[in-house]
Amino acid sequence: MKFTLSVNVALPGLPIEERIRIAAEAGYDGVDIYGILDGYDLGKAYEASQKYEIPLIACSADRAFETTLNKRWNVIEPAIKKTISCAKQLGMKRIAMLGGFKTSDLDDPKLLLLENTKRLAELGEKEDIIFMIEPINNVIEHQTAYLHSSAAGAEIVNAVYSDHIKLLFDFVHLETAEGNVLNNALAYKDIIDMFHVVGIPKHDEPFNSQLDYPYILSILAENGYDGYVGAEYEPSYDPETSVRDVLNYLKMYKTRKDCYRSVQ
């Protein structure tokens, strides 16, 4: 199991190279930069990843909440190709995509989702990129979200059946939207490329959560999951200390029987 840090969320206000340094020195296996086109110096990001020997793993599509898969392809294609170009510049091989939001358009959103995901698969094969489809909750933050369950996300991924189309399973979104997250994570683990962990309900440190992540991760590991787990959260105290504490907490999955909130 490999742990990544969303440095744009967990380490706000710092130069991108400092964020990458902190993640590397804390011991993370990789760095995620969502909103990668939001003014970051990509050259410095790449230089820092090389200097501190930590790979850049994942980003989101440019203008992620507008570049969604239930829109017509000619509308979203330019942003997707722009994101691919930036990702390749950084050595990233993963791009997160949202399913979109309910609208009054006449187009069938499910059909568009499927057709656009097939086009993503073709792009992914050509550019050696994995597109991670992320269901988000429709209960609190995003009440008009169209793709809001792990089952719906899995249906799209399985229908396309490509090594370049996977599921991004965000625990805060799917615990809020549907619950039963451990069983669902196990059911779809073979098509999940990354999990996101965060404190629920405050979006702070994962150890301040109604979910016991070391237990969940230990069960996933026992059942063969060895992919990425991304910490995408907002620190409630000194960020540099927090990101170290969070990684130590998540790694408790290896000794699950002793891991009852002993961090901090």
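Is C59 buried or exposed? At 0% relative accessibility, C59 counts as buried (buried means under 20% relative accessible area, exposed over 50%, partly exposed in between, with a 1.4 Å probe and protein chains only).

## What you're looking at

This is a predicted model, where local features need pLDDT of at least 70, side-chain atom pairs count only at pLDDT 80 or more, and totals for chains, interfaces and linings use all residues. Residues are numbered from 1 along each chain as its sequence is written, and side-chain values use heavy atoms, with hydrogens and water left out.

Take a look at β4, residues 94-98: five of its five residues are buried. (Helices are DSSP runs of H or I, at least four residues, and strands are runs of E, at least two, numbered from the N terminus.) In a regular strand, side chains alternate between the two faces of the sheet. Here R94, A96 and L98 sit on one side, I95 and M97 on the other, and all are buried.

On to the pairing, which takes at least two DSSP bridges between two strands. β4 runs parallel to β3 (residues 56-60), with three bridges joining them, and A58 stands opposite R94. Getting from β3 to β4, the chain passes through helix α4 (residues 73-90) in a right-handed β-α-β crossover; that is, with the strands pointing away from the viewer, the path from the first strand over the helix to the second runs clockwise. β4 also runs parallel to β5 (residues 130-134), joined by five bridges, and M97 has I133 as its bridge partner there.

## The cysteines
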